[in-house]
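Me: I am new to this structure. Please take one part of it and walk me through that part closely, in short sentences.

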Amino acid sequence: MEKLLFIAFYYNHDNEIASKRLQGIAKYLSKYNWQPIVTVPKTSNPTVRSDNVKIVETDYEGMISKFIQKGKKILNNILGKNFVIKNR
């Protein structure tokens with residue numbers, strides 16, 4: 001059996017279409033000799049369990065602030081001055 005890894009944020013969200021889509025895909029992959037493995041962040045939502053899907057929960061780490069800091073460093077190197085990105 002082949003393994004297929006999904007890295008998803010919306011697998012455990014009931015009201016998001018992305019979670020429904022991924023749950024539907026993962027549900028039927030075992031019929032075609034694939035074992036889906038879904039990596040999701042730990043959230044307050046209950047984890048959706050299925051017999052043929054292995055779910056791995058990980059700690060959530062917001063990446064936006066890291067990208068903003070990296071972007072500031074790049075812009076400072078290019079422009080040669082302190083560049084300010086205002087958060088909305």
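Reply:

Six of the eight residues of β2 are buried, so the strand is largely enclosed by the rest of the structure. Buried means under 20% relative accessible area, exposed means over 50%, and partly exposed lies in between (1.4 Å probe, protein chains only). Strands (E, at least two residues) and helices (H or I, at least four) are DSSP runs, numbered from the N terminus.

This is a predicted model, in which local features need pLDDT of at least 70, side-chain atom pairs count only at pLDDT 80 or more, and totals for chains, interfaces and linings use all residues. Residues are numbered from 1 along each chain as its sequence is written, and side-chain values use heavy atoms, with hydrogens and water left out.

Start with the neighbours. β1 (residues 2-7) runs parallel to β2, joined by six bridges. β3 also pairs with β2 in the parallel sense, over five bridges. Strands count as paired if DSSP finds at least two bridges between them. Ile7 stands opposite Thr39 in β2. Val40 has Glu57 in β3 as its bridge partner.

In a regular strand, side chains alternate between the two faces of the sheet.

Now take two residues in turn. Thr39 lies in β2. Thr39 is buried because its relative accessible area is 19%. Leaving out residues up to four places away in sequence, Thr39 touches Leu5, Phe6, Ile7, Ala8, Val56 and Thr58. Contact here means heavy atoms within 4.5 Å. With the same exclusion of residues up to four places away in sequence, Val38 touches Phe6, Ala8, Tyr11, Leu22, Val53, Lys54, Ile55 and Val56.

Val38 and Val40 both belong to the largest nonpolar core, which has ten residues.

Lys42 sits in the loop between β2 and β3, and Asp59 in the loop between β3 and α2, 17 residues apart. Their side chains meet in a salt bridge (3.7 Å, N to O). The term means a side-chain nitrogen of Lys or Arg within 4 Å of a carboxyl oxygen of Asp or Glu. Lys42 is partly exposed, at 48% relative accessibility. Asp59 is exposed, at 62%.

Terms used: A nonpolar core is a set of buried Ala, Val, Leu, Ile, Met, Phe, Trp, Tyr and Cys residues joined through side-chain atoms within 4.5 Å.
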